[in-house]
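Please look over the model shown below. The paragraphs after it lead through its chains, contacts and local features.

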Amino acid sequence: MPLLELRNVFSSYGSVQALRGVSLTVDPGEIVTLLGANGAGKTTTLRTISGLLRPTAGEIRFEGHPIHQMAPERIVRLGISHVPEGRRIFPGLTVRENILLGASSRGRIARAQLEEEAEQMFGIFPEIKSFEHALGWTLSGGQQQMLAVARGLMAKPKLLLLDEPSLGLAPLIVQHLFAAIRQIHQRGTTILLVEQNAHMALSVASRGYVLETGNLTVQGTTHELLDNDEVRAAYLGGHQAA
Amino acid sequence: MEALANNLQVLFQGLALGSIYALVSLGFVLIIRATNVVNFAQGDFAMLGAYIMVACLTGAGAPYWLAFVLALLAMAAFGLLFNFGVYYPLRHRSFLPVLISTLGASIFMQNTVLAIFGAQPRAMEKVLNFDGLHVGGVFLDSQYLVILAVTMVMVAFQYFFFEHTLVGKKLQATSQDKDMARLLGIPVALMIAITFLYSATLGGLAGVLVGPILFVSIGMGSIIALKAFAATIIGGFGDVKGAIVGGLFIGVVESFAAYYISVPYKDAYAFLMLFLVLIFRPQGFFGEKVSEKA
Amino acid sequence: MSAREAKAAAAQRGRFSPWAVVVLVVAVALPVVPFVAGVSHFVLSIFMQATTYAIAVLGMVVVLGYTGQINLAQAAFFGFGAYGLALGTAAYGLPFWISLAIGVGTAAVAGGILGLTTIRLGGHYLAMITISFQQIFDLVAVNWIEVTHGPDGIPGIPRPSVFGYALTDDRAYLLLCTLVMYLLIAAVWWLPHTRLGRAMRGVRENELAAEVVGVHTLRVKVTAFVLSAALGGIGGALYAGGFAYISPDNFNFNRAIEFLSMALLGGAQSPFGGALGTTLLILLPEWLKEMPRALQFIKDVYLAIYGLAVILIMVFMPEGIWGLLKNAWARARKAPPAPQVLRVKPLDLDIRITESTPMLRLEGLQKHFGGLRAVDGVDIEVRRGTVHALIGPNGSGKTTTLNVVNGIYKPTAGKILIDGDDVTPKSPHERAAHGAGRTFQNIRLFPTMTALENVIVGAQRDNNPIEPGHQALRNRALSALQFVGLADKAETAVRNLPYGHQRLVEIARALAGHPKLLLLDEPAAGLNQTEKMELVELLKRLREGHGLTIFLIDHDMGLVEKVSDRITVLNFGKKIAEGTPEEVLRHPDVIAAYLGEPGHATA
């Protein structure tokens, strides 16, 4: 049974129809990537999964249970952690505090255990250890992104939703970040990765889907998608038929 | 030497009154940070708290400490009521309907109290049974001493609560990024309710403390509220320590202005300062630059 | 619509609303009643209060209802008028009308000053400034005893004479007040149909869009405050003349809140609503006194109730009672009438090309937000009469660039030249006056206004080469709507239009200003495939031989490829490629910017 399943999901914000019948699956243990140009609906897909948006039609099932009518607070308790676009770390709280708050969905946990888990996060992202007590807003873009992912992991999710982690980051930082993503995956977390940078995403994922204005146009294994003209066309135009 | 003693006297009074403004302003800022709502009824929390206190003390003849606890509990409950009745139905609307609603709440509170208690201002007894201390030519009124002491305790509590407890951190997270807090599983609606509860209690506390000095009257909240707004802006709109510093600042300036310039216009100085700050430095002392349009 | 057209439209709808007839009859009959029937002095004073307050509330309708600006100082303006009259006549012996003029004039100046504060501040800050102003007025009125006589007030204010006939009879004075009120209601009712009125509504609905489309938003807001204050002043002066005695507690913050509540209850967006709200809230306590004993307690708590009512109004009926009635009436009537689309001229978009210098030039453009260099040294030249696209991955600085060209952001460094003129220091509405038109990614229309009204605002920009007068504006707007294929939707409120049509109305609004340079921010965003194809056709029509220059951003490369002559590609705020679509879209640097570096799969 797939861990996550979207069946013919329609989603809109305001009067804009952003998703037009999207169906996809994520199996346990995979990294699946969702690609597409800006405005294709990738972020909308993640927001609909995590409950910030309610679909107007279609179903979303997590471990077989329908979640498309649930509030975000409940969905995260079920085991889906959404690291949204733009980092969104709490600027007035320290790095450590941001991380600790990541466990808010898990109920009461002993302070000692939380501290230990935080140390594990610093193990994955050693770059931010030295900023432990610095306020969020003082961090660079790359550091903030790492903090956001670490915070998302503190929920001990079964499924991690990552929204454009490479956005606005220098290539070297992106490399470090994706190395960490690989590590996280190896430790057993299933990941749905939304990315504009197709090549970077395909370097870690096993499968991918391509969105174009709310429709899924291409899907396949990494192998099938790499250097696929259809993928390039989704970003830069040049489709054969009108 | 007498001039110094007089100035110290004025300063002392200014700090005490400024503490009241700071307490109200603090509650005001917390609501703004958590919900982006400017609550024009904030001062009326003080008025309501004072009246409840008076009712318990003189009406029911309760001992001071009991009346005090009851008044604060009542204000906490009222804060929750306010959250559900005024904020919650309008939480997705633009700022204008919400602002007007809080004005409506203010009218409602003032006139309900008027209907129950009548228009005659009430007196409230002081906390402590003695007049005050004489220290080197300066008379320290006992009520003012109590105000300063309680405010210092509250500020310390505030700092401890927000900086060193998990709930405090969750409250801060909610006010910094509500949607993100939801995504982490923080119960945002509960956090906001707590914020209103706490702010209303702070307001009520201010009213109970200042009651013996100012006479408890229907309009006392409005004037205090406007000075608290001024304090918030002068300190830096949305900044917690700015609210406290701003409150003290206004209290002191007002006190000196009344002493040296004129008493009848005492209330005008706060507004004048507000006017000037808004025109020349809207971000206040501590605040961020008022952002560019996007 | 001009009066002639309004009547024609009404006649076309077939019937004359029975509503209007009833109201008209009542309105004419009411002031006559006291002359024929016996009416107590008390009732006359109630109505004097109602009419003068209603005039002040009309001010709230203008500033809050039409222009969307919060004003909690209306009682102060009411007070300026009242004290002006009282001091002028009773203290200085000036004639009634001169004193009134002084009072109203002072109020208007004060209103202008408050309006000027909106240059920096709006929203909550404006609320606080107006409250502060009101409070200072109150304090001065009470304490500046030498001038205002303080709490004692000013007695002995005389009645005026009209055509030599002294209005000492209360009924006659009430008649005067009523006539003035009717006159002002008519004027305020007329206002939204004027150029200024439309601009005001634009400011309320979407201030940024209004500014970009050419409305001088600061001037509009100041005018709104001046008008509101003047109306308050007129009401206050007439009030003083009616009651012969004034004291400060008639002009305090509580009174300002009352004016606000009256406007909200009746419906701030209509002068009829304002009058209705005033009447209700003044007559209500009197009616309550007549209630049976059991309900007497209501009289004590009615003020509390109407505080509660303000909250309930905001939650359940923000447009007030009049709004409720109007919506019910509109629902009963169903379809809006189609306008008479007779002989609409085709849209004139032609721009004569007499030189070959670029229409738009960006020189060394920089825009930093703190440490973030969103635009980091960009030079672009857009050739006259061409379509030039700006593309790049998310976060590359495209929208920021467009916002700087438009004037929404001030650049950190660099220059912007439109048709050779340096517009770098100019505000958005000034750039619109230079011939720049723009649409927004998240459509920014004026939601409660009709498609036609939206587009007319676009036609109102300064220096628009059309004839003066309303007819020309209307024709231009209809032509623009026809160009995008929506002439039949002209009378529909845009919030009721589907998304794709809203996008077209926005384009029509920009075209109505006869732009030299059209800036399109992701025009295809949110459109489905069919709508996109139609958009491509529209853009091609715009391109064909009109001489219009178009600068656009979009992510749909198919669309960009089909309509653009040249493309500039940005990444990390810098230009990485520029050329024809063929050159650019196959360029390895561009592909890498979007898709990432190839060969990472092996990493």
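Two residues are said to be in contact if their C-beta atoms, placed from the backbone, lie within 7 Å. By this rule, the contact between chain A and chain B takes 19 residues from chain A and 14 residues from chain B. This is a predicted model, in which local features need pLDDT of at least 70, side-chain atom pairs count only at pLDDT 80 or more, and totals for chains, interfaces and linings use all residues. Residues are numbered from 1 along each chain as its sequence is written, while chains are lettered from A and ligands numbered from 1 in the order in which they are written.

Helices (H or I, at least four residues) and strands (E, at least two) are DSSP runs, numbered from the N terminus. On the side of chain A that touches chain B, α2 (72–78) and α3 (95–101) of chain A are the elements that give two or more residues. The largest share, four residues, comes from α2(A). Sorted by class, this side of chain A has nine nonpolar, six polar and four charged residues. Here Ala, Val, Leu, Ile, Met, Phe, Trp, Tyr, Cys and Pro count as nonpolar, Asp, Glu, Lys and Arg as charged, and the others, Gly among them, as polar.

Chain A also holds an open sheet of four strands, in the order β2-β1-β4-β5, with antiparallel pairing. Because β2 (16–26) and β5 (65–66) of chain A stand at the edges, each with a single partner strand, one side of each is left without a neighbour in the sheet. Two strands pair if DSSP finds at least two bridges between them. Five bridges join β1 (residues 4–13) of chain A to β4 (residues 57–62) of chain A, and A:L6 stands opposite A:I60 in β4(A).

In the loop between β6 (80–83) and α3 of chain A lies A:R87. A:R87 is not a glycine, yet has a positive phi of about 65 degrees. A residue is buried if 20 or more other C-beta atoms, placed from the backbone, lie within 10 Å of its own, exposed if 12 or fewer, and partly exposed in between. A:R87 counts as buried because it has 26 C-beta neighbours inside 10 Å.

Chain B has a mean pLDDT of 86, and 96% of its residues reach 70 or more; pLDDT is the predictor's confidence in each residue, from 0 to 100. Over residues 289–294 of chain B, pLDDT stays under 50.

The secondary structure of chain C comes to 24 helices and 12 strands. Its C-alpha trace spans about 95 × 60 × 50 Å along its principal axes, and 52% of its 603 residues count as buried. The domain assignment, automatic or from a database, gives domain 1 (28–333), domain 2 (360–435 + 516–595) and domain 3 (444–515) of chain C. The contact between domain 2 and domain 3 of chain C takes 12 residues from domain 2 and 10 residues from domain 3. On the domain 2 side, α17 (428–433), β9 (517–521) and α21 (529–543) of chain C each supply at least two residues. The C-alpha centres of these two domains lie 24 Å apart.

C:F572, in the loop between β11 (566–571) and β12 (574–579) of chain C, has a positive phi near 50 degrees although it is not a glycine. C:F572 is partly exposed, with 16 other C-beta atoms within 10 Å.
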